[in-house]
Amino acid sequence: MGGMVKELDDKPALPLWLGGAAALAMMVHLYLVFMWVPTESTMGIVQRLFYFHVPAATVAFVACFVGGISAILYLVKRDPKYDDLSLAANETLVVFEIINIGLGMMWARPIWGIWWTWDAKLTSAFLLLFLYVAYLVIRPAAPVEQRATVCAVVCILGMADVPMVYMSNRLFRTQHPSPVIRSGGLAPEMMTTLFFGMATMLLLWLCVLSIRRRIARLDRAAEDLTRRANELDDLRRD
Amino acid sequence: MENLSWLFWGYAAAWAVIFVYLFRLSQKERALRRKISELQEAMEDRWKQKKA
């Protein structure tokens, strides 16, 4: 266990190149959003929330799949490193889904005149957030021996909600706007800013994910040390 | 420039969520490292006592 802690000490939580690339990309993204991209003619300046709202949703979907696939790998291989990755991905999913829903609400208030409506898109996105908040609440409450398995099952179920969120405004009539990327409803500058925003958000997510995964490993090391200290105490008593 | 305040507060809130989360993570890492070093010291003491 000492070896594991030493290994965690030797490696930086966040590679310098990744942190640097994310910081640079964030600055360029802000420049594109506030200085470069043209203002949308009907919605006005508030439409620029879209360049953070959609990338945050994209990252939440990616995090969901990374968490789900890691959970499946954990169930197959029983290697705790997959459980750590799954936990890190799912917690970051909650953060980016909160940003996604929050920015959507701040766009909806001036454009629709309401903060929220229970249409298929918004409801399925809320359900996704709710499922993963439940995952984070269940995790510390589950028995230690079964915790990773129980959480893996919950997160595989959560992954099934992503296609529902993605397809909801294609399958149902929703108040949420229809997809604009493939329909050619965006000017080239808007498209560039959106895709750059997605790449930026993915870099930022990778930074947060690597930091969170390291904490999950430290948490596991602390739990193992506590268990061994208790075993040693039991031996001394005998 | 209508609705500029929505844009400003939207971006400010999004960045605030990210920074608060990162701050919380750094605090958690610090607490875990402290706990691990305390546990390691306690384990070493117990081994020494056992050998003695």
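Hi everyone. Before anything else, one definition: a helix axis here is a line fitted to the C-alpha atoms over the stretch in contact, and the angle between two axes runs from 0 to 180 degrees between N-to-C directions. Please keep in mind that this is a predicted model.

Let's start with a helix pair in chain A. Helix α5, residues 120-141, packs against helix α6, residues 144-159, at an angle of about 180°, and the two axes are 10 Å apart. Angles over 145 degrees count as roughly antiparallel, so α5(A) is roughly antiparallel to α6(A).

Which residues of α5(A) and α6(A) meet? On the α5(A) side we have Leu128(A), Leu131(A), Tyr132(A), Tyr135(A), Ile138(A) and Arg139(A). Facing them from α6(A) are Arg147(A), Val150(A), Cys151(A), Val154(A), Cys155(A) and Gly158(A). Sorted by class, that contact has nine nonpolar residues, one polar and two charged.

Now to the two chains. Chain A brings 30 residues to the contact and chain B brings 27. On the side of chain A that touches chain B, at least two residues come from each of α1 (2-10), α4 (80-112) and α8. The largest share is from α8(A), with 14 residues. By class, this side of chain A has 20 nonpolar, four polar and six charged residues.

Let's stay with α8 for one last stop. Helix α8 of chain A covers residues 188-237, and Arg237(A) lies in it.

Methods
Residues numbered from 1 in each chain as written. Chains lettered and ligands numbered in written order. Predicted model: local features only at pLDDT ≥ 70, side-chain atom pairs only at ≥ 80, totals over all residues. Helix = DSSP H or I, 4+ residues; strand = E, 2+ residues; numbered from the N terminus. Parallel < 35°, antiparallel > 145°, perpendicular 65-115°, else oblique. Contact = placed C-beta atoms within 7 Å. Nonpolar A, V, L, I, M, F, W, Y, C, P; charged D, E, K, R; others polar.
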